[in-house]
Amino acid sequence: GSLSQGGSGSGNALLETVLSLVNNPQTGGLAGLLGRFQESGLGNLADSWVSTGKNLPLSADQIQQALGSGQLGAIAEKLGMSQGDASAKLAELLPGVVDKLTPNGQIPDAGGLSDLLGSLTKRLG
C-alpha cells in the first residue's frame, strides 16, 4: 500500500516544505529566501510580508520566478505533485508564513527564527 493519505497529510507536508524553505541554511534561511524574491524583482512583495501591514498576494508564476525550476522541481517531487500545483500551493502559504515569522516587521536572527518556527509548527500541527 502507499503511504500518502492525500487530504490532510499533504497539507502538513506542504507546510513542512515551506518551513524548510524559510529555515534552510543552504539558501540563507528566511533572509536568503526573501533575497531571492528581491533579486527576481519581487522585493515589494517580500517586503509586504515582513512589514506589519497587509500582505501582497503572490502568484504561482512569481514563485517559479523566485525559486527557479530546479528547486521548485525538487519541492514538487517531494510533495508528489506537479510543479504548477506545488507553486500554486507555495504561493498561497508563503506570505502568511513569512508574516508570522516576522511579527515585529523585521527578520529575526537565527535563534529567534527557530523559536518562531517551533511555535508555528506546534500551532499548525
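A residue counts as buried when its relative accessible area is under 20%, as exposed when that area is over 50%, and as partly exposed in between, with a 1.4 Å probe and protein chains only. Because Thr102 has 1% relative accessibility, Thr102 counts as buried.

The model is predicted: local features need pLDDT of at least 70, side-chain atom pairs count only at pLDDT 80 or more, and totals for chains, interfaces and linings use all residues. Residues are numbered from 1 along each chain as its sequence is written, and side-chain values use heavy atoms, with hydrogens and water left out.

**The chain as a whole**

The protein chain has six helices and zero strands. Helices (H or I, at least four residues) and strands (E, at least two) are DSSP runs, numbered from the N terminus. Of the chain's 125 residues, 36% are buried. Taking contact to mean heavy atoms within 4.5 Å, residues 24 or more positions apart account for 59% of the contacts with a separation of 6 or more.

**Thr102**

Thr102 sits in the loop between helix H5 (83-101) and helix H6 (110-124). Leaving aside residues up to four places away in sequence, Thr102 touches Leu30, Trp49, Val50, Ile107 and Pro108. A polar atom of the Thr102 side chain lies 3.4 Å from the backbone oxygen of Trp49.

**Helices H2 and H3**

Two of the residues that Thr102 touches, Trp49 and Val50, also take part in the contact of H2 with H3. Axes here are lines fitted to C-alpha atoms, for helices over the stretch in contact, and angles run from 0 to 180 degrees between N-to-C directions.

| Item | Residues or values |
|---|---|
| Axes of H2 (residues 29-39) and H3 (residues 43-50) | within 7 Å, crossing at roughly 145° |
| H2 side of the contact | Leu34, Phe37 and Gln38 |
| H3 side of the contact | Gly43, Ala46, Asp47, Trp49 and Val50 |

Within H2, the buried residues include Leu30, Leu34 and Phe37. After H2 comes Gly41, with a positive phi near 80°.

**The aromatic pair**

The structure holds one aromatic pair. Phe37 and Trp49 form this pair, which is edge-to-face, at 5.2 Å centre to centre and 80° between the planes. Rings of Phe, Tyr and Trp (its six-membered ring) pair if their centres lie within 6.5 Å; planes under 30 degrees apart count as stacked, over 60 as edge-to-face and the rest as tilted. Phe37 lies in helix H2 and Trp49 in helix H3, 12 residues apart. Both Phe37 and Trp49 are buried.

Definitions and conventions
A polar contact is a pair of N or O atoms within 3.5 Å; within protein, one must be able to donate a hydrogen and the other to accept it, and residues adjacent in sequence count only if both atoms are side-chain atoms.
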